[in-house]
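Please walk me through this structure, from domains to chain contacts.

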Amino acid sequence: MAFVARRLAAALLLLGVLSVLTYALLALAPGDPEQVLLGPRPSTAESRAAVRAQYHLDDPLPVRYAAWLGDAVRGDFGASLYSRESVTSVIADRLPVTAGLAGYAIVLTLAVGLPAGLVAAMRRGSPLDRGITLSALVALAIPPFAMSILLLYGFAVTLGWFPVFGAGETFAERVTHLTLPAIALATGQAAVVVRQMRAAALDLAGQDYMTFARARGVGRARYWFGYALRNTALPVLTVGGLLLAANLTGALFVERAFGLHGVGELLVSAVGQKDLPVVQALVLMGGAVVVAVNLLIDLAYLAVDPRVRHGAVAA
Amino acid sequence: MTSSTALARLATGVLLVLAAGCAGAPGSGAAPDTLRWALGNAPNSLDIAHGFNDASTTVQFAVLDTMVAIGPDGQVVPRIAASWTHPDPHTYVFTLREGPRFSDGAPVTAEDAAYSLTRHLDPAVTSQAASYVTQVKKVEVTGPRTVKVTLRKPSPTFLATAALAWQIVPKKLAAAHPKDLGSPEVGTLGSGPFKVTKFSLASGVTLERNELYWGPKPALRRIEVKAISDPETLRLAVSSGEVDGTNDIQVSETRKWSALRGVTTVFYPANHIAYLSLGVREGPTKDVHVRRAIAHALNRGALATLMIGGHGGIADLMLPKPQVAALYGDKPPKLPAYPYDVNAAKAELAKSAYPRGFTLAAPYDSGGDDVKALQAIVADLAVIGVKLDLQPLPTEQYRQRMFSHQDTPLQLVDLVYGTPDPGEVLPDLVSRASAGPQGFNFSGYGSPETDARLDDLGKHEGADRAAAVTEVLAEIADQVPYVPLYSREAAVALRDRYTGRFGTWTADIFSGIRPAAGA
Amino acid sequence: MLETRGLRVVGDRVLVDGVDLTVAAGETVGLVGESGSGKSLTARALVGLLPRGLRAEGSVEVGGTQVVGASERLLRGVRGRRISLLMQDPFTMLNPLSTAGAHIAETLPGRTSRQEIARRLAEVGIDDPAVAGRHPFQLSGGMRQRVALAAALAGDPELLIADEPTTALDATTQHEILALLRRVQEARGMGVLLITHDLRVAFAVCDRVAVMYAGRVVEQGPGAELAAAPAHPYTSGLLGALPSVERAMERLVGIPGSVPRADEVAGVCAFATRCDLVAAACTEARPPLRPIGRDRLTACVHDAAGTARPPLAETASLTVPTAGPADGEPLLHVEGLRKRYGAHTALGGVSLHVNPGETVGLVGESGSGKTTLARSVLGLVTPDGGRIRLAGLDITDRAALDPRERARVHRLVQCVFQDPSTSLNPAMTVGAALAEASARAAPGDRIGVAELLELVGLPAAYAARRPKALSGGQRQRVAIARALAVRPALLICDEPVASLDVSVQAHVLELLRGIGRDLGTGMLFITHDLAVVRQIAARTVVLLKGAVVEEGTTSTVLDAPAHDYTRRLVSAVR
Amino acid sequence: MPGTVRLGGRARRLRRSRPGPVTLLSGGILALMAAAALFGTWVAPYDPAAQDLALGATMPSWAHWAGTDELGRDVLSRCLAGARSALLWPLVVALGTCAMSTSLGLLAGYRRGWIDAVMMRVVDLLIAMPGLLMLIVLVGVLGGGIGWAVLAMAVLFTPGDIRVVRSLTMAQRELAYAEAARTLGLSRTRIMFRHLLPNIAPTVVAGALLSFVAALVALSGLSFLGIGLPAGTPDWGLMIEENRGLLDLNPWAAVVPAALVTIAATAATLLGDQLFERLSDA
């Protein structure tokens with residue numbers, strides 16, 4: 001429908017702008033790719049020339065961008081300068097780890113955040129509420145890597161409950177390996193969700209239709225699911241989605257601290273190695289994820305909220 | 001991070017101190033002849049032409065044979081070449097060993113050998129090792145098992161560099177993949193002690209014993225090489241037994257390594273030197289008094305303790321310790337040195353145009369671990385009024401800056417050399433040829449006379465050669481384009497289930513490791 | 001059926017203090033009171049849904065079941081089946097995410113067939129079964145209230161509590177909903193407790209009326225009797241303050257002072273401080289609610305209804321200024337004004353005029369375009385077409401004016417807005433706001449803050465207060481003072497008393513009348529309340545869907561309405 | 001209307017009856033840290049840059065309450081001195097963000113029209129960008145300079161706040177008092193800043209404190225990745241990175257600054273929360 005089409009168009013536009021920005025930025029940044037290609041050893045003039053020719057480094061920027069774009073739309077993001085592997089497979093190699101980590105973290109975040117927030121709202125002003133709110137604030141403030149190191153030394157080394165590093169091979173291994181990192185990643189986000197959920201629930205409690213529903217003796221299940229859940233779902237869903245997007249980038253601190261070879265880690269090293277194609281692709285991927293999530297959220301609104309469906313209000 | 005020391009190692013060749021990695025498998029239970037090894041960076045290519053860095057070459061030397069090799073005490077020894085002759089200064093004729101076969105069963109032919117060297121000269125390959133073979137004019141197959149190499153000019157270091165760059169790969173494969181030989185997709189094929197069974201940039205490399213290997217059968221059946229970039233995580237990995245060992249150990253961290261239970265850390269002299277390079281082309285450091293003042297102001301003793309603990313020592317000559325030993329035995333020449341002496345430093349500075357001191361830009365690799373040493377140097381120089389303005393740069397960007405020789409008045413350089421012969425080091429340091437971009441003459445020091453002295457190195461043998469070297473060293477000591485700081489040892493940490501023998505010139509560390517008697 | 005004994009609602013202080021009520025089956029009881037009288041809390045207490053932090057004491061029995069202190073489980077059984085609550089605002093009362101049908105279905109006992117839902121909708125006067133599939137946002141206010149009623153009734157309760165069910169609706173809709181309520185109540189023979197601030201509504205609909213004041217019931221009795229002969233000074237005060245639709249009154253008398261907090265008057269007659277009949281006995285003890293004559297109760301110490309002040313009844317000789325110089329150029333002249341918002345036409349060619357010193361009433365329901373008209377005259381919206389002339393100046397498009405003219409226009413026309421809670425900037429003291437305004441006046445005739453406050457009958461000390469510390473009425477007064485600060489020739493009053501309590505409303509209306517009289521300020525008085533128009537406007541213009549349907553002197557329009565919409569309006573309030 | 005108004009009043013009063021101590025405590029903590037930022041270098045027992053290579057990293061002692069780091073520098077002194085850069089830069093970010101978002105948000109929300117349209121498109125674009133990622137690429141590729149980091153961060157934080165301020169402004173401008181101000185013919189700037197701003201101030205203040213916290217955490221994060229400040233600068237974030245390797249020799253060298261960051265951030269967030277409550281009720 002038109003709504004979705006419009007969103008899609010906007011999304012594509014955004015990605016376009018993003019790609020231009022990063023491409024220009026990277027191209028204009030100090031340092032030449034050929035240095036990376038030839039490695040940090042004295043290199044002969046011929047080989048330098050050969051490289052410049054091979055990678056069209058002497059073409060004007062727009063031409064190079066156009067060429068890149070041409071390949072990119074066909075799903076070819078070029079080859080990593082650092083490892084001659086194709087960018088797509090470099091990223092494909094790393095993605096599972098990060099995806100696993102992000103997904104795990106989201107599960108933890110929601111599993112902890114939603115109930116905690118709800119309880120806090122229902123017991124507003126009580127010591128429990130204060131406790132939850134306060135710890136949420138603290139959690140919000142702990143730098144992720146500080147958290148990582150804390151957990152690493154606490155649980156992995158001192159107590160030895162969890163493996164120290166790596167992502168593991170089998171699924172079970174994955175889970176145990178990713179537990180600590182996921183916790184480190186989830187802490188701050190859970191805090192956000194708690195606050196969001198609490199706010200949403202409080203707001204809901206003040207709504208007339210909630211009182212009216214109870215005054216009509218609407219059944220318990222109906223009250224919690226048909227009313228409370230459905231009406232808090234959207235704001236929380238929104239936050240959840242954005243968190244998932246933030247996850248993919250936020251993960252890099254954690255990945256670094258835990259020695260996980262995920263996308264985030266890849267980005268940091270690629271930036272250090274000036275591995276332009278990889279960085280470019282990663283930034284674009286990050287953008288794509290954000291866009292996709294936002295799109296999904298819009299669709300969710302479309303599905304849940306009749307007002308949006310009938311264009312009465314904008315999502 | 002290992003990258004900045006990596007820079008140096010990369011910068012030359014055989015990387016004695018290799019990088020670290022990790023294995024995902026749980027801590028115990030693995031068969032003793034399976035080794036889980038940790039590197040700091042994942043190997044990025046199994047072909048030295050595209051992966052001339054510590055992580056990659058570590059694996060390369062376990063998989064690929066070289067034409068010749070460097071023996072325990074630094075002399076060149078046969079490998080794929082059973083023997084060679086040196087009829088005239090420009091010519092080497094190698095005779096190949098009978099029997100070596102690639103791990104796919106194909107025999108190693110003279111064709112393969114010759115192509116393996118020439119390909120580095122082919123621009124289409126854009127080999128990272130190209131600069132190592134620039135002195136090669138042509139390579140001919142002169143017989144079923146003989147290869148003849150003709151040089152442009154006599155080079156005492158050719159054999160040594162051949163021990164690094166001349167990795168033997170099948171011509172068929174290499175010719176088919178000029179650009180991406182050694183990449184995870186293409187992989188590589190060697191005649192070395194191990195063969196590659198799995199290579200991924202993310203999950204690392206798995207090696208297995210090459211049953212067709214012509215040499216002594218390696219003790220390890222299987223090696224899993226993984227990467228952990230974070231040094232702390234790496235150490236934890238070894239201590240928790242999730243990997244069996246690593247050789248990416250910053251000597252400055254040895255205290256921590258030695259503290260680990262169930263882990264033995266062995267040290268051996270590395271062909272290494274760390275020095276301060278002072279740009280002589282422009283700025284305050286153009287003034288020799290300033291350079292001497294700086295030399296005096298540095299508390300190199302404290303610096304050495306900080307950076308290398310007990311493993312290594314202060315460097316007095318601008319040569320790695322093993323080379324000094326090889327050349328002079330136990331009596332190195334007495335040359336003017338600059339002991340730590342603040343007053344002397346101030347006095348020298350007073351003679352210069354900057355008696356009050358000045359400020360210098362000092363770019364450095366923000367990902368590197370020389371940062372500590374730099375901070376100590378900052379403190380030392382501050383005492384005599386020389387302010388250093390540290391400029392953090394991303395690794396690649398710093399390398400660019402370094403090799404562009406642009407506004408790098410003062411930088412800390414940390415090199416591990418590949419060859420046992422000063423003939424490679426000294427020209428790198430002070431020849432005008434290497435003073436330009438891409439050269440290793442970071443100070444930009446040099447003159448026709450110096451170049452003449454350097455040429456002499458090639459001509460002489462034995463004692464005369466030592467004398468020639470001494471001349472150059474004396475000049476450096478007097479003019480101080482470089483301040484030698486310290487040279488350190490290399491270290492390998494092994495869990496007690498394994499024992500290993502490593503030396504300064506060990507290229508393929510894995511062949512040296514075997515399960516411990518008890519295990 | 002419903003019986004409360006000494007019901008108290010207590011938070012960190014007492015809010016409702018001793019309410020005794022009974023509602024029998026098939027009976028409609030009205031609970032009347034101004035804001036703060038605690039009637040809504042009482043309603044909540046009856047269904048056991050007090051806001052967090054408040055608790056009920058005493059006894060509330062619904063069909064023999066004790067509600068106070070009952071478990072949530074038990075209450076869930078009672079609510080909907082025995083007793084149900086219909087709330088004030090149809091726009092917030094329904095779950096925005098579910099359909100009308102769902103609202104009904106979720107409280108229907110047992111099986112819920114489509115026919116059943118259709119039947120329930122039909123019961124509340126919705127014959128189009130398709131409505132069941134609509135979402136609240138697709139329905140008009142009246143429809144929503146109907147759906148809400150159907151939902152509230154779906155559980156077939158024996159008692160319905162309707163808390164201000166019509167306040168948020170237009171006059172005509174109000175009328176319909178009340179009629180509907182009555183019909184349903186009779187059809188089902190159920191008890192209804194109607195809570196309202198509107199005495200007229202209460203008297204019109206209810207068998208018995210209880211008047212609440214400061215958290216307690218002060219008088220009770222049959223509606224008609226109460227209206228005729230109130231037995232409590234407060235009741236008669238309210239009646240006195242009530243503007244009449246039939247005739248313009250000489251003076252509109254509000255009740256002096258303001259409602260005390262329930263806990264402050266626990267031991268005395270809550271009304272004593274405002275009562276002119278106050279005697280020693282009033283403050284010695286709290287006068288009990290005592291019977292006087294047939295099912296009449298009063299909490300006043302004085303005997304007999306007669307002693308209470310009778311409602312002011314004498315007809316006023318119309319003192320509202322007669323139309324100004326008919327020959328001279330009118331002060332405000334609007335011609336064929338048009339404004340569209342997307343598809344919706346707010347103004348479809350409206351023409352009217354206001355003569356100098358004349359007060360013109362502008363009557364219409366929400367959506368009739370009366371506010372848009374006002375905003376165009378004020379320059380807050382730019383009309384699509386037509387002309388607005390103010391004192392000879394064409395102000396149709398403010399942007400077109402030059403700065404000097406614009407400054408002049410700002411002095412010519414000012415406005416008093418509806419909502420007292422937002423009419424003043426909470427961040428500014430009264431003094432600052434007034435000073436800012438009077439600084440805009442022509443250099444010659446600036447009026448001081450104190451003077452302005454006096455003008456609207458507020459002590460000069462209020463200059464230091466912030467809006468938060470003022471009652472609704474006081475805020476409106478300040479808003480009026482702010483408007484007068486520039487000595488406008490035309491004052492536009494946009495429902496200035498719509499959200500004020502009766503007693504306060506009277507004060508403000510009287511104030512505005514005085515201003516029209518004494519300052520000779522012309523007024524365009526926008527309202528939906530015919531009674532108010534009657535009191536204040538010389539001429540009245542009736543607006544419907546952006547068009548003028550009737551215009552004339554107030555008396556003719558109200559007493560002999562020509563257009564049938566006007567007739568409906570009038571009949572709705574009669 | 002009747003009743004409901006009253007309930008609102010009650011609910012608000014309930015919420016306001018939150019204890020002041022939290023505010024005082026967090027305010028006090030921040031004040032202390034600010035003091036450290038201003039005078040830390042004077043009170044510090046040692047010169048934060050003074051090294052003692054011979055001593056190296058040591059556990060806390062009477063001489064060094066928080067021990068020393070690998071270069072033998074006194075951790076306590078460095079923490080005190082570190083307060084400056086650790087608080088200053090986030091402060092700059094917060095103020096910058098606040099100033100930009102408030103003025104632009106007010107403008108967009110009050111003027112509407114094309115200004116608003118254009119601004120919102122840009123905001124949507126910026127918001128949809130993967131922020132942290134851009135930050136790292138930007139600062140990393142352009143060469144790690146704190147200036148870049150701060151600037152980039154301010155730019156990344158602003159759009160979100162603009163949206164908030166804008167929507168609040170749009171809500172306020174429709175209220176009677178704002179329209180009255182317009183009918184009085186007050187100037188736009190006066191209405192925007194004298195009338196509307198005070199009424200959205202709570203959110204603005206809270207927002208500023210939140211972006212302060214975000215910047216604090218983000219900057220220490222950049223230092224953790226080796227991006228931003230040059231080595232040796234006494235800065236909490238950098239200290240965590242430099243000393244996290246010392247967890248066996250002197251854990252406090254890393255733990256103390258980490259704790260400080262956390263505490264500072266928490267205090268700021270709490271203060272934001274409380275201030276918001278207070279201001280929006282006053």
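**Domains and contacts**

The assignment for chain C, an automatic or database one that sets the domain bounds, gives domain 1 (2-82 + 157-229) and domain 2 (332-425 + 490-572). This is a predicted model, where local features need pLDDT of at least 70, side-chain atom pairs count only at pLDDT 80 or more, and totals for chains, interfaces and linings use all residues. Residues are numbered from 1 along each chain as its sequence is written, while chains are lettered from A and ligands numbered from 1 in the order in which they are written.

Start with the two domains of chain C. Their C-alpha centres lie 36 Å apart. Domain 1 of chain C puts eight residues into the contact, and domain 2 of chain C puts in nine residues. Two residues are in contact if their C-beta atoms, placed from the backbone, lie within 7 Å. The domain 1 side has one nonpolar, five polar and two charged residues. Ala, Val, Leu, Ile, Met, Phe, Trp, Tyr, Cys and Pro count as nonpolar, Asp, Glu, Lys and Arg as charged, and the others, Gly among them, as polar.

Now confidence. pLDDT is the predictor's confidence in each residue, from 0 to 100. Chain C has a mean pLDDT of 85, with 95% of its residues at 70 or more. Residues 305-325 of chain C fall below 50; beyond near neighbours in sequence, this stretch has 49 contacts in the model.

Next, chains B and D. Chain B supplies 22 residues to their contact and chain D supplies 17 residues. On the chain B side, α12(B) gives the most, with seven residues. Helices (H or I, at least four residues) and strands (E, at least two) are DSSP runs, numbered from the N terminus. By class, the chain B side holds 13 nonpolar, six polar and three charged residues.
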